[in-house]
Amino acid sequence: MQIMITRRFLPTIALILSGCAGAHESYPSLAKRPVESAPMAEAPAAPLPVPADDKLKAQIGQLTSQAQSGSANFDKAYASADRAVNSAGRASVSSDAWVAAQVAISAAESARNDSVSALASLDTLFIERSNAVADGSEKGGVADIDAARASVLSMVDSQNDRIDALKNRLPQP
């Protein structure tokens, strides 16, 4: 048994030792090279963002207004859904109060369509404008779209959080 184990490991040991045979070769120094010590040139300053033209500003304004309208509609529907969830209290799943609360939550989700749609349109507009600026067919406006997009995204995220909080207050099937 001992001989069989030795015979199996003998080729492995031979390979390991053959790898060590070339260890006497010289390796490159780890000292700092002259190129690494040379002073670096400063990178050129990034160009200032070009503001959006009037047509793009109007489009951004329209989408922002649409999102704000959707947010106002959501706030009204949310108040109704909050009352329905409060009245459902600890109602059992499929009870009348529970179903009414679910319907009210669905109405709140539906009321925020304008906000979600505006966000999707701003996302599309951002990508299209970024590509056009990169191609050189348009100049600027990307920063304006991104600022509006961030604002609308914040609205939609807040709406998502509020909807999730309502759903978490009701028992789940």
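This report describes an aromatic pair and a helix crossing in a predicted model.

In this predicted model, local features need pLDDT of at least 70 and side-chain atom pairs count only at pLDDT 80 or more, while totals for chains, interfaces and linings use all residues. Residues are numbered from 1 along each chain as its sequence is written, and side-chain values use heavy atoms, with hydrogens and water left out.

**The aromatic pair**

A pair of aromatic rings is described by the distance of the centres and the angle of the planes. Rings of Phe, Tyr and Trp (its six-membered ring) pair if their centres lie within 6.5 Å; planes under 30 degrees apart count as stacked, over 60 as edge-to-face and the rest as tilted. By this rule there is one aromatic pair. Phe74 and Tyr78 form this tilted pair, with 5.8 Å centre to centre and 35° between the planes. Both residues lie in helix H3 (residues 54-88), four residues apart, about one turn of the helix. Helices (H or I, at least four residues) are DSSP runs, numbered from the N terminus.

Buried means under 20% relative accessible area (1.4 Å probe, protein chains only), exposed over 50%, and partly exposed in between.

| Residue | Relative accessible area | Class |
|---|---|---|
| Phe74 | 0% | buried |
| Tyr78 | 16% | buried |

The charged end of Arg162 sits over the ring of Tyr78, 4.2 Å from its centre; this term requires NZ of Lys or CZ of Arg within 6 Å of the ring centre and within 35 degrees of the ring normal.

**The helix crossing**

Contact means heavy atoms within 4.5 Å. Residues of H5 that meet H6 include Leu119, Leu122 and Phe126, and those in H6 that meet H5 include Ile145, Val152 and Leu153.

Methods: Helices (H or I, at least four residues) and strands (E, at least two) are DSSP runs, numbered from the N terminus.
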